[in-house]
Amino acid sequence: GFQEVLTYSLTSRDRLELLTPGAHMAVEPLRMAHPMSKDQEYLRTSLRASLLEVLARNRRREQTPARLFELSRVYIPQGSGLPDEREMLCALLTGTAEPASWHHGERGVDFFDAKGAVELLLRKCGVEAAFLPADDPGLFPGRQATIKANSDLIGVLGQLHPVVARSFEVESDTFVIELDVSKLMHHSKEI
């Protein structure tokens, strides 16, 4: 199973920029008027950076394999008004998928383990979705997919880009799942 984590909604611009190597951030984060520190100066636009920091702390303490998730808000600027507070689900998988046994060796997590976790969640929610090629700059090219219900983009999954993995000091075989919870619930038949 997955372990839930809770992180702060405030982060630094530097951490958010690490998520998109060689590309501009898709969304400009909102800066706090009177930040308490440089590390908590901006409202987060993604849960990835916070979750990757938790994973890096766990890795330094040799707490692997890891299956982490956070269900929380991100803040998307809306002109001069209040931000759009989107409820998002972000999950990370890394390490071994199956321990070694007498009939096979240890197997690391892969794209299909992450996809299987998403498919299980979608099935439990009664959501029919398609997995299509994606171009998220924070994920490994060719090892990622968008998740669409009808024609509505509800999420993305894929292997973390090697540059991002090095920047956060996590394993390169880390897989990311992101789902927009309100869009997921909109398409849900079971909940």
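Predicted model: local features only at pLDDT ≥ 70, side-chain atom pairs only at ≥ 80, totals over all residues.

**Side chains, contacts and backbone**

Biologist: Is Glu178 buried or exposed?

Modeller: The relative accessibility of Glu178 is 12%. Buried means under 20% relative accessible area, exposed over 50% and partly exposed in between, with a 1.4 Å probe and protein chains only.

Biologist: Which cysteine is in contact with Glu178?

Modeller: Contact means heavy atoms within 4.5 Å. Leaving aside neighbours within four places in sequence, Glu178 touches residues including Ser46, Leu89, Ile154 and Cys90.

Biologist: How many disulfides does the structure hold?

Modeller: A disulfide is a pair of cysteine sulfur atoms within 2.5 Å. The sulfur of Cys90 has its closest cysteine sulfur in Cys125, 17 Å away, which is too far for a bond. Cys90 is buried at 1% relative accessibility, and Cys125 is buried at 4%. The number of disulfides is 0.

Biologist: How many salt bridges are found in the whole structure?

Modeller: Side chains of opposite charge can pair when their charged atoms come close. A salt bridge is a side-chain nitrogen of Lys or Arg within 4 Å of a carboxyl oxygen of Asp or Glu. The search of the whole structure gives a total of 19.

Biologist: Which residue forms a salt bridge with Arg15?

Modeller: The N to O distance in this pair is 3.3 Å, and the partner is Asp39. Arg15 lies in helix α1 (residues 13–17) and its partner in the loop between α1 and β3 (42–43), 24 residues apart, so the pair links distant parts of the chain.

Biologist: What is the distance between the closest N and O atoms of Glu128 and Lys189?

Modeller: Both Glu128 and Lys189 are exposed. The closest N and O atoms of their salt bridge are apart by 3.9 Å.

Biologist: How far apart in sequence are the parts that Glu128 and Lys189 tie together?

Modeller: Glu128 and Lys189 form a salt bridge. Glu128 lies in the loop between α3 (111–125) and β8 (130–133) and Lys189 in the segment after α5 (181–187), so the pair ties together parts whose separation in sequence is 61 residues.

Biologist: What are the rings of Phe111 and Phe112, stacked or edge-to-face?

Modeller: Rings of Phe, Tyr and Trp (its six-membered ring) pair if their centres lie within 6.5 Å; planes under 30 degrees apart count as stacked, over 60 as edge-to-face and the rest as tilted. The structure holds 1 aromatic pair. With ring centres 5.4 Å apart and planes at 90°, Phe111 and Phe112 are therefore edge-to-face.

Biologist: Over which ring does the charged end of Arg143 sit?

Modeller: A charge sits over a ring if NZ of Lys or CZ of Arg is within 6 Å of the ring centre and within 35 degrees of the ring normal. Lys115 does this over Phe131, at 4.9 Å from the ring centre. For Arg143, at 4.1 Å from the centre, the ring is that of Phe140.

Biologist: What is the phi of Asn150, roughly?

Modeller: Most residues other than glycine have a negative phi. Asn150 is in the loop between β9 (139–149) and β10 (152–160), and it is exposed at 71%. Although Asn150 is not a glycine, its phi is positive, about 55°.

Conventions
Residues numbered from 1 in each chain as written. Heavy atoms only, no water. Helix = DSSP H or I, 4+ residues; strand = E, 2+ residues; numbered from the N terminus.
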